[in-house]
Amino acid sequence: MNIDFRTPEYTIHRAGERCTNCRICVRQCANEAHLWDEKQKKVLADDIKCVNCHRCVLTCPTRALSISSYPLEFKPNAHWTPHYITSIFKQASSGAMLLAGMGTDKPYPVYWDHLLINASQVTNPSIDPLREPMELKTFLGRKPDSLKIENGELAEKLPPQLELETPIMFAAMSFGAISLNAMTSLAIAAEKMGTFYNTGEGGLHSSLYKYGKNTIVQVASGRFGVHTDYLWAGSAIEIKIGQGAKPGIGGHLPGEKVGLDVSLTRMIPEGSDAISPAPHHDIYSIEDLRQLIYSLKEATDYSKPVAVKIAAVHNIAAIASGAARAGADIIVIDGFRGGTGAAPLRTRDNVGIPIELALAAVDSRLRSESIRHQVSLVVAGSIRCSSDVIKAIALGADACYIGSAALMALGCHMCQKCYTGKCNWGIATQNPSLTKRLDPVVGAERAANLLKAWSHEIKEMLGGMGINALESLRGNRLMLRGIGLTEKELSILGVKHAGE
Amino acid sequence: MSRRIDAQGLYYKELNQLVRQAFSEGVTEVVLDNVNGQRYLGDGISSDGSIIIHGTPGNDMAAYMNGLQIVVRGNAQDATGNTMNEGTIVVHGDAGDTVGYAMRGGEIFIKGSVGYRVGIHMKEYLKKNPVIVVGGKAGAFFGEYMAGGILILLGLSGREGYPIVGDYCGTGMHGGVMYIRGQVEEYKLGKEVKIVDMTAEDESVLERYVSRYADYFGCDKEAILAQPFSKLIPFNKRPYGNLYTGV
């Protein structure tokens with residue numbers, strides 16, 4: 001007998017007295033975890049197919065469904081946890097690399113949770129943001145060494161800048177990895193909130209050109225969809241060198257996801273694998289990076305800031321310094337917790353460093369080299385809430401990108417199965433019967449709401465610190481204290497311990 | 001309307017500004033004299049005019065180019081035709097590494113030899129089918145990751161004692177076709193490519209581009225075509241299809 005070693009991760013509970021056999025769950029589950037049994041005239045479940053995305057739970061009209069972990073335990077073993085045992089089973093049967101979606105779920109230290117924010121008491125009184133002006137406006141781009149002012153006017157033209165009403169942008173997610181409805185939701189929300197979304201490396205769908213002034217277009221190693229109209233379409237161009245979820249490697253969008261629309265946008269044949277090589281093959285040095293930056297500036301007549309996105313890795317400070325000297329106007333640092341549509345599991349879970357440490361190290365390095373003003377710093381890869389944003393800005397960031405959080409606003413339930421193309425929430429899929437579940441108008445409203453709520457919270461906390469402009473918080477590490485951190489961690493973060 | 005610009009001593013930024021300005025003023029042919037390593041010539045320009053370059057243009061010539069015809073009376077450097085969309089480049093000399101990187105449309109004719117990774121990640125798209133014809137020899141990783149288009153390598157000139165193409169030819173290839181004049185040793189090929197027989201259709205494609213090459217550089221088409229070619233195509237369009245399993 002040939003035993004398949006796979007066991008379910010979850011089990012579906014159907015409260016018999018509530019279930020009316022309406023079969024909505026059968027239609028809603030693209031994983032086919034619910035099935036209609038014609039003989040018994042009732043709905044059954046196949047636990048092994050369940051990914052715990054809650055779609056059936058939330059669409060069940062009688063609330064008959066719930067899901068829990070499958071009640072199966074291995075003999076307890078602190079070293080050989082179920083994860084490693086089941087991984088070996090999968091690889092022994094397939095001979096394949098393990099693939100995962102979203103950011104790492106490993107219990108690495110979350111430094112955001114070891115940083116505390118200051119507030120004013122008695123002196124330097126706090127400010128009430130509901131009744132007093134509070135400035136979140138952020139400009140991203142190279143700042144001049146000095147300002148020349150004549151007759152009250154700037155005498156020299158500033159380098160091109162992105163103007164944000166709130167220091168939060170939607171991170172690069174490509175059409176292919178996510179659906180057009182998801183992209184459209186983010187584009188509309190960015191326009192509404194005065195911020196930016198990023199095309200990712202999959203080109204710009206023709207229907208999204210109208211959101212150009214709120215768009216950052218990306219150029220990655222595969223150069224998918226990169227042509228002159230595309231470069232001119234956005235307000236900034238981002239060169240993707242690395243991604244926090246998978247530093248050092250490229251990406252493969254499998255041919256099954258390259259339907260007509262994706263193929264037209266990526267400018268490749270339908271059904272063809274979209275392979276992004278690990279490196280840009282015209283970049284082998286900082287000088288080569290400069291060459292790509294300036295080829296893009298030349299192609300757009302120096303009218304747009306050029307960002308360089310790098311993954312947070314061991315020598316991040318030196319790398320960022322090199323990128324700044326190569327002519328980047330904005331450096332995006334993506335921490336190792338950053339999300340992805342698909343990444344090899346072992347890479348996702350073990351490569352890179354936390355964004356908090358990377359950001360502090362880069363900001364300190366650029367300041368010590370007196371080139372901090374030459375670039376704006378944008379951080380990504382684990383921003384969960386408004387206080388994470390505040391902490392990032394106090395550590396030295398100019399703005400944050402949110403990817404996972406933005407998708408959760410659209411309905412993502414973090415089941416981490418983006419790579420299957422069966423996203424029941426219509427986000428990480430190109431299947432028309434699934435993508436139509438996400439209405440871009442509703443999605444945009446939710447994504448905009450998230451930014452609105454976070455912006456209010458940021459103002460509230462800023463006011464609490466007695467600060468009325470976000471600019472005064474940038475790199476102001478005195479507004480942070482560490483809790484439960486070692487001397488070394490405190491010194492890298494550049495913050496004092498609570499009580500000091 | 002033609003305009004002559006002396007590039008002597010001009011920084012690339014000024015030179016490119018002058019070129020862009022010329023096209024925006026309706027000039028159809030720009031002639032550049034004394035070009036000496038200035039980068040980014042013709043980058044991102046959408047026009048059906050032409051640029052004639054006397055001298056040696058720098059890296060990233062014709063990047064993102066969209067329709068121009070560029071003739072180089074000299075050698076070209078690295079990343080010529082990077083991510084090019086449309087147009088024609090004719091180089092009366094050699095060219096450097098990564099010629100035609102991610103090129104999606106248009107044609108590049110190089111009279112002499114080229115460096116490493118030429119035609120890397122070339123693609124085809126709808127009616128666009130990019131073509132690179134190299135008259136001499138090519139370095140390693142020729143046509144790496146190639147996803148579409150046509151690479152033709154003639155071996156008419158080049159460094160003596162060196163093979164017509166370097167190692168790892170077509171590694172990662174998953175689309176398009178290469179025609180290499182003469183034999184290519186198996187060990188030089190990437191593991192994703194195979195040599196197959198030429199068809200009548202292949203012969204007519206070759207004839208078309210070899211005659212163009214012969215016309216541009218004044219050589220004997222028949223003599224070039226007299227030697228048989230090796231045709232290289234990928235084993236399949238999904239070289240990495242079975243690499244992963246979900247967790």
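**Notes on a two-chain predicted model**

1. Before going on, a word on how to read the model. It is predicted, so local features need pLDDT of at least 70 and side-chain atom pairs count only at pLDDT 80 or more, while totals for chains, interfaces and linings use all residues. Residues are numbered from 1 along each chain as its sequence is written, and chains are lettered from A and ligands numbered from 1 in the order in which they are written.

2. A:Cys19 sits in the loop between strand E1 (10–14) and helix H1 (24–28) of chain A, whereas A:Cys25 is in helix H1 of chain A itself. Helices (H or I, at least four residues) and strands (E, at least two) are DSSP runs, numbered from the N terminus.

3. Are these two cysteines buried or exposed? A:Cys19 is partly exposed, because 16 other C-beta atoms lie within 10 Å. A:Cys25 counts as buried, because it has 25 C-beta neighbours inside 10 Å. The scale is this: a residue is buried if 20 or more other C-beta atoms lie within 10 Å of its own, exposed if 12 or fewer, and partly exposed in between, with C-beta atoms placed from the backbone.

4. Their surroundings can be listed too, leaving out residues up to four places away in sequence. A:Cys19 touches A:Arg14, A:Val43, A:Thr62 and A:Ala64. A:Cys25 touches A:His34, A:Val43, A:Cys56, A:Cys60 and A:Leu65. Contact here means that the C-beta atoms of two residues, placed from the backbone, lie within 7 Å.

5. Nine residues from domain 1 of chain A and eight residues from domain 2 of chain A make the contact. The domain 1 side of chain A has four nonpolar, four polar and one charged residues there. In this scheme Ala, Val, Leu, Ile, Met, Phe, Trp, Tyr, Cys and Pro count as nonpolar, Asp, Glu, Lys and Arg as charged, and the others, Gly among them, as polar.

6. Strand E5 (residues 97–100) of chain A runs parallel to E12(B), joined by three bridges; strands pair if DSSP finds at least two bridges between them. Within this pairing, A:Leu98 has B:Thr245 as its bridge partner.

7. Helix H7 (residues 286–299) of chain A is worth a look. From first C-alpha to last, this 14-residue helix reaches 20 Å, close to the 20 Å expected at 1.5 Å a residue, where the expected span is 1.5 Å times one less than the number of residues. H7(A) is mostly covered, with ten of its 14 residues buried. Those buried residues pack against several elements, including strand E13 (215–219) and helix H8 (316–325) of chain A and helix H1 (12–24) of chain B.

8. Finally, some backbone angles to check. Most residues other than glycine have a negative phi. A:Met102, in the loop between E5 and strand E6 (115–117) of chain A, has a positive phi near 60°, and A:Met102 counts as buried because it has 25 C-beta neighbours inside 10 Å. B:Tyr168 has a positive phi near 55° and lies in the loop between E8 and strand E9 (175–181) of chain B.
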